[in-house]
Each structure stands twice: as structure tokens, then as C-alpha cells.
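The notes follow the order in which I checked them.

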Amino acid sequence: MVLLRTIIRSFNSFYSVSMAETRKLISFLLLIFIFPLQLTASLQLQGNNATHSGQINSNSVLVALLDSHYTELAELVEKALLLQPLEDAVGKHSITIFAPKNEALERDLDPEFKRFLLEPGNLKSLQTLLLHHIVSTRIELNRTATESTQHHTLSSDSVELTSHDSGDKFISQSKVIHPNAVDRPDGVIHGIERLLIPRSVQQDFNNRRNLRSILAVRPEGAPEVDPRTNRLKKPAPASKPGSPPALPVYYAMAPGPSLAPAPAPGPGGPHHHFNGEKQVKDFIQTLLHYGGYNEMADILVNLTSLATEMGRLVSEGYVLTVLAPNDEAMAKLMTDQLSEPGAPEQIIYYHVIPEYQTEESMYNAVRRFGKISYDTLRLPHKVLAQEADGSVKFGHGDGSAYLFDPDIYTDGRISVQGIDGVLFPPEETSTKLSESKRNVEVAVKQKPATRRGKLLEVACQMLGAFGQDSHFSTCQ
């Protein structure tokens, strides 16, 4: 501007021009000097805006994520509508993505939790979960640093990066299995073993699951009228989740050889507060790993469908105590005892008590009361328990069995106690003993008579002709 004023004064002093012509000259000079400066400034501003506008090139970490083998994570990012926010984040700074392997999202993830994330109403929870795997700084894992560090994620939470003595690195209890799997100028991707679930998403899932079981619409029938009072019958109060079932366990059992068809609601209720099938599977695997109870596990899984039935009972809220005979005791069973229809089921039913008992509770009971009769799933038979030799003995007489391996499996719903014999109801035991005695008596009574010689018979006949056979005992 100083240069412009000097030029105007020199021009006025050299050329005597009017004021109007001076204004025209000023406008012309402004057009020459100012316009190029504004044009340069606008081009620089556009360049700066283009630099920070979040434009993604082919060498970006987001493009590498979409083209990588982390297909499950890339698919969730697209479903969560996070591509544009992540492009803006990459345009401002470098990022670090902790990508779970595909198996962690396909097979290892709870199906119910995955269904919850993919529901349209839970888009915010899905976005929070995915942003919890992205850190707004670049983290290189090829260094030998051993101290633990905290890093803020794009979900406003923090994750802790730790290193073990073995050299393995963990991000919030998840092992980093592929460090620096993808390296780009604007970010890096590390492969991790399992999904990182923030506490807020877990809380949302728990709240939604509880509300679903509480707010579920239950169909109700027509009101019932009491014929005695001609008034409406009051419905039974609703039971709290996890409370014991109101009906006995026999009403929930599947019909068997000695059971009438179940009139009550059968297995598979609407709530399923317990995962009975998983618990039964756990205790059968425990029997196999414990050793010496393979025959019992084989009967539960292969010869019968009792494992499935027990899982349904536990899912309904019932508790069970299994008296499991060991392999040595099962080997003493005869073939005909297992070949009859329904025989394996009846044997196992007599070894299942519809109560939760441990070795300590049963021993304390027999110490206090002497003898205890426990109900079994084989109606109407009961199994007798008493103290013997500092342990608990089940059964009667020769068909008894001792508590051999206590507390093989106890989880609060199922208790497994190992015994050294196969138990039978007392009626069957007495019947078998009486049949064996009867067979012995018949064998004794059928003793063959001694046959006399031919000469002796002729002599007795001759004495009889003379009336002298009565004097000889051999001829009588």
C-alpha cells in the first residue's frame, strides 16, 4: 500500500490530472495489485481444506481393512455406518485398529449377543463396540517396551496395552496374535484373539435381556369360576426368576416305561434361567476326565437319551444328585439286565435323587438321623442311606454300595457322587434272592431214588409168597 501511494503522488505531481481521473487510476492499480493476492490466498485456503477434508486414497488403512482377511469386522463396520466417521478421523490423525479374528465373531461369540448387536434399535451399541477397537493414535508393537500403557479409543473408553515376560502383548485381556498385520501411512492394524466388549455395551445387553423376559406377553386363558363360591379363581402368584419350580420333578419328566404321561408343562419352558444342557455336558466331560466312569457316561449319552432329559430338567430349575457307579461296578451287570427294553433308564433313574446333596450334607444327615431315605426318579422307590465305616452306604444288604469318590462334580444345580456298586430297589433284590433259594430247594427235592438190584427184588417176591417179607426192612 505504501508503494501504491508513492506511485500516485508521483503521477499527480508529474501529470496535472483531475480528481476523477485519479480515482480511475486508483481503481486500475487496485485491480492489478490486490486481485492476484486474493487469488493466491483463496488457492492456499482450498489446498488446506483439501488436506483436512478426510479424502481417502487407495493406500489408506480403511481401504486395507475392507480388503483384508478380517471380513467379519469389515462387514460390521459397514453395517454400523461408520465408514464416513472413520474417514474423517483418518483425515485428521493416524489410527490404530485392533481387529478380532473372524472365528471370534463367527463361532466364539454368543449367538444371542450377536443377534442383539445386529438389531436396528441397537445401532448405537454396535457403533460403541466397534469404536472401542480403534485408538486415535498410531501404536507400533514391534518395540520391546514392557510397561503397561492406557490408550483412549474413539468410543471415549480406555484400553490397556500390556506385555508379558514371554513377549506376548495383550490389549484388555485379549492376546495380540498378529502385530502390525497391516501397516499404512495413516494407520496400522493389529490382529487380536477375541472381541473387546466395553462395559456399557455389556450393560445394555443385560438390561435388554432382562426386559425381554419381563415384558414378554404371556397368553392368558379365560377366567375360571369356582363352582363352590361362584367367584373368579385368583391366579397363582408369579414366581421370581431362578426360584424352584412349584411342581415336583416327576411332572416335568418325559414319559417312560414306569411313568404316566406328564400332565404338567413339559421341558422347554419360556424362561430358561439355567443352561441345563451345558451343565449336563460339563458333568459328563468331568466324569470322562476323572477316570473310571466311562460306562456311566456311555449309558447317559449313547445307550439312552437321559443326558438330554436331565439337561431339560435343570433348565426348568430342578436340581439333581447323581450316584454314579464306577466302571468296576458296571462290569458286574449281566447282559440280560441291560438288554430288556427300558432297563438302562430304570437303572439310572434309581441313581438320580431330585435334590442337591454333597458328600458333606449326606454324611451329616446320616450321622444325625442314622438312616435317610432319598426319593429317586424311579417312582415309587427310594434309596436308603446310612453311616458305615466313616462313610455313607447306600442300599440294603448285599446290594449296597459305598460313597467311593465324593463330589466329582458340584455346580449348585448338579451334584455327582461316585459309588462302588450298582443299586437296585429292595423289592427286586429280595425277589432275586427268593428265586435263587427256590431253585436250590427244587434241586434238593429232586434227589434221584436209589434203584434196588434184580436179585433182591426176586428174593422179596419169594418171601412175600410165604408171608415173610415184613420181617425184612429192605423189602418194605
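This is a predicted model: local features need pLDDT of at least 70, side-chain atom pairs count only at pLDDT 80 or more; totals for chains, interfaces and linings use all residues.

Entry 1. I searched the whole structure for salt bridges, and the search found seven.

Entry 2. I looked up Asp 375. Its salt-bridge partner is Lys 382, with the closest N and O atoms 3.5 Å apart. Asp 375 has a relative accessible area of 31%, so I logged this residue as partly exposed. Lys 382 stands at 44% relative accessibility and therefore also went down as partly exposed.

I then noted a network: salt bridges with shared partners join Arg 138, Glu 140 and Asp 183.

Entry 3. Arg 138 and Glu 140 meet through their side chains in a salt bridge, at 2.8 Å from N to O. Glu 140 has 23% relative accessibility, so I recorded it as partly exposed. Arg 138, at 32%, is partly exposed too.

Entry 4. I turned to Lys 278, which forms a salt bridge with Asp 282; here the closest N and O atoms are 3.3 Å apart. Where do Lys 278 and Asp 282 sit in helix α11? They are four residues apart in this helix (residues 276-290), so about one helical turn separates them. I have Lys 278 as partly exposed at 47% relative accessibility. Asp 282 is partly exposed as well, with a relative accessible area of 25%.

Notes. Residues are numbered from 1 along each chain as its sequence is written. Side-chain values use heavy atoms; hydrogens and water are left out. A salt bridge is a side-chain nitrogen of Lys or Arg within 4 Å of a carboxyl oxygen of Asp or Glu. Buried means under 20% relative accessible area, exposed over 50%, partly exposed in between (1.4 Å probe, protein chains only). Helices (H or I, at least four residues) and strands (E, at least two) are DSSP runs, numbered from the N terminus.
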